[in-house]
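Subject: A structure to look at

Hello,

I am passing on a structure that is new to you, and my notes follow below it. Please have a look at it first, then read on.

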Amino acid sequence: MNPFVSLLLAILSEVIATSSLKASAGFSRPLPSLLVVAGYTVAFYLLSITLKTISISTAYAIWSGLGTAGVVIVGVVLFDEKLTVVQATGIALIVFGVVILNSAGARTH
């Protein structure tokens, strides 16, 4: 599997797990609680696969930046959270930073 595909799938799994964490209501709801455990398990497994090829600094920058942006989008769309212009600018800067780091060349082993 392409390491960037496994990284994107890891990020998606992490966003699902984090979003489910809110929906689990303190692990009192079974289905969202199961999604938390399964999502983080899949996310960390896929991240570990990614780290066989992509340097940890590059992978983690992409993971944290896109994961943060993804959770913000889920919060706005599914949980009716508000997003101010300042917050949106901050998220855009994070994503822009990830693009800059990635365009500098992802180091592989």
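To start with something you can look up yourself: in which helix is the place of Leu35? Leu35 belongs to helix H2; helices here are DSSP runs of H or I with at least four residues, strands are E runs of at least two, and both are numbered from the N terminus.

A word on the source. This is a predicted model, in which local features need pLDDT of at least 70 and side-chain atom pairs count only at pLDDT 80 or more, while totals for chains, interfaces and linings use all residues. Residues are numbered from 1 along each chain as its sequence is written, and side-chain values use heavy atoms, with hydrogens and water left out.

**The overall picture**

The protein has four helices and zero strands, so the order of elements from the N terminus reads α-α-α-α. Its C-alpha trace spans about 45 × 35 × 15 Å along the principal axes. Of the 109 residues, 32% are buried (buried means under 20% relative accessible area, exposed over 50%, partly exposed in between, with a 1.4 Å probe and protein chains only). Among contacts between residues at least 6 apart in sequence, 69% join residues at least 24 apart; contact means heavy atoms within 4.5 Å.

**Inside**

In soluble globular proteins, nonpolar side chains tend to be buried together. The largest nonpolar core here has 13 residues, and Leu7, Ala10, Ile11, Leu47, Ile62 and Trp63 touch the most other members. A core of this kind is a set of buried Ala, Val, Leu, Ile, Met, Phe, Trp, Tyr and Cys residues joined through side-chain atoms within 4.5 Å. Two or more residues of this core come from each of helix H1 (3-23), helix H2 (30-50) and helix H3 (56-78). If residues up to four places away in sequence are not counted, Ile62 touches Phe4, Leu7, Ile11, Gly67, Val98 and Asn102.

Ser6, in helix H1, is buried, with a relative accessible area of 0%. Leaving aside neighbours within four places in sequence, Ser6 is in contact with Met1, Leu46, Ile49 and Thr50.

**Aromatic rings**

A pair of aromatic rings is described by the distance of the centres and the angle of the planes. The whole structure holds two aromatic pairs (rings of Phe, Tyr and Trp, the last by its six-membered ring, pair if their centres lie within 6.5 Å; planes under 30 degrees apart count as stacked, over 60 as edge-to-face and the rest as tilted). Why does the pair of Phe44 and Trp63 count as tilted? Their ring centres are 5.8 Å apart and the planes are at 35°, so the pair is tilted. This pair links distant parts of the chain, with Phe44 in helix H2 and Trp63 in helix H3, 19 residues apart. Trp63 is buried, with a relative accessible area of 8%. Tyr40, Phe44 and Trp63 form one aromatic cluster.

**On the surface**

Met1, Val5, Leu9, Leu12, Ile16, Leu31, Leu34 and Leu35 make a nonpolar surface patch of about 770 Å². Patches are made of residues with over 30% relative accessible area and no salt bridge; like charges are joined within 9 Å, and nonpolar side chains (Val, Leu, Ile, Met, Phe, Trp, Tyr) within 5 Å. H1 and H2 are the elements that give two or more residues to the patch, and the largest share, four residues, comes from H1. Leu35 itself is partly exposed, at a relative accessible area of 37%.

**Loops and a salt bridge**

Most residues other than glycine have a negative phi, and most peptide bonds are trans. Phe27, in the loop between H1 and H2, has a positive phi of about 60° although it is not a glycine. Phe27 is partly exposed, with a relative accessible area of 49%. Asp80, in the loop between H3 and helix H4 (85-103), also has a positive phi, near 55°.

The count of salt bridges comes to one (a side-chain nitrogen of Lys or Arg within 4 Å of a carboxyl oxygen of Asp or Glu). In this salt bridge the side chains of Asp80 and Lys82 meet at 3.6 Å, N to O, and both residues are exposed.

Best wishes

Definitions and conventions. Areas by Shrake-Rupley, 256 points an atom, 1.4 Å probe, with all protein chains shown as cover.
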